[in-house]
Amino acid sequence: MMEKAGVHGIQLDFFYFPELMAENKFNERFVTLLKTLISECSVPIMPKLSRNFPEIYISKLLKKAGVKYVSLLDSIKVPKPEGADLTGKSLSVFGNWMFNLTRQYTYVLSNEGFQVCAGGGVVSEKEASELIRLGANTIHLATEVLLNGYKRFSAIESKLEENLSYKEAGYSGNRIITFNAEKCIGCGKCMEQSFCNVIKTFMATGDNTSCEGCGLCSQLCEGGALKMLKKE
Ligand SMILES: Cc1cc2nc3c(=O)[nH]c(=O)nc-3n(C[C@H](O)[C@H](O)[C@H](O)COP(=O)(O)O)c2cc1C
């Protein structure tokens, strides 16, 4: 019915099945469901992932089923706080804090070869461009638009190109990472979250010669100690 109505793709929302993976024969049933949908629909089938589906585990099942597209990342279900005047047993939480999870899912799933529609904690062009650099094909915004209106789509999109191309310093090849030890607050994000081996070598030995200038580590740097500079 949705195909006939003209949709370009179908997103599958598993949010209301909190303990899916604990269901009897989950793996087989999940793969069968997805295979059936893919074989019977001509438009892309795009499961929406959440913390209920650990990224590496689910990536194997999605591949087995022939899925090519995924959407990230659904809000996180928590038990209803005691005394809260709410219907239902659980509460759905989201916000910029979940961006670290989105970053991790985007990195793993795009590296595994999926086309990724990434979101979850995106509030500005900074997060959007970081996800694109990690391999996202499209970006998804929910809370930011609910809070600040549809104009946020065009505002973020208009700044995205500049953010991605680094006009001020020239993107990849023209610039290189530098480190100012006085500004380092020891947060460790450059080592833990940038997924880049060059930064690990650089922090250990001072050798930045393999730096390709993507700028991801400098965006993660809390104290402003890592900066991209034009190559001499
Ligand atoms: C009011 C509200 C309703 C939502 N409804 C859905 C939904 O029906 N299906 C779905 O897949 N995600 C739904 N989401 C989750 C969002 O699509 C998104 O994955 C999540 O909020 C994280 O992204 P954000 O940080 O941009 O909000 C909803 C989120 C909000 C705030």
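Which residues in helix 3 meet which residues in helix 4? That is where I would like to start this morning, and the answer is that E55, I56 and S59 in helix 3 meet Q104, Y105, V108 and L109 in helix 4, where meeting means that the C-beta atoms, placed from the backbone, lie within 7 Å. What we are looking at is a predicted model, in which local features need pLDDT of at least 70 and side-chain atom pairs count only at pLDDT 80 or more, while totals for chains, interfaces and linings use all residues. Residues are numbered from 1 along each chain as its sequence is written.

Staying with this pair, the contact of helix 3 with helix 4 divides into 4 nonpolar, 2 polar and 1 charged residues; here Ala, Val, Leu, Ile, Met, Phe, Trp, Tyr, Cys and Pro count as nonpolar, Asp, Glu, Lys and Arg as charged, and the others, Gly among them, as polar. The helices themselves are DSSP runs of H or I with at least four residues, numbered from the N terminus. The axes of helix 3 and helix 4 are 10 Å apart and the angle is about 35 degrees, with axes being lines fitted to C-alpha atoms over the stretch in contact, and angles running from 0 to 180 degrees between N-to-C directions.

Now please turn to the other neighbour. Helix 2, residues 26-40, and helix 3, residues 55-65, have axes that come within 8 Å and cross at roughly 40 degrees, and helix 2 and helix 3 are therefore oblique to each other, since angles under 35 degrees count as roughly parallel, over 145 as roughly antiparallel, 65 to 115 as roughly perpendicular and the rest as oblique. In this contact N27, F30, V31, L34, K35 and I38 in helix 2 meet L61, K64 and A65 in helix 3, and by class there are 6 nonpolar, 1 polar and 2 charged residues.

Next, the domains. An automatic or database domain assignment divides the protein into domain 1 (2-165) and domain 2 (175-230), and 5 residues of domain 1 are in contact with 5 residues of domain 2. On the side of domain 1 that touches domain 2, helix 5 gives the most, with 3 residues, and that side divides into 1 nonpolar, no polar and 4 charged residues.

Finally, the ligand. Of the 16 residues around the ligand, D13, F94, G120, A142 and T143 come nearest, where a residue counts if its C-beta atom, placed from the backbone, lies within 6 Å. Helix 6, residues 143-148, provides the largest share of this shell, 3 residues.

How values were computed. Contact = placed C-beta atoms within 7 Å. Helix = DSSP H or I, 4+ residues; strand = E, 2+ residues; numbered from the N terminus.
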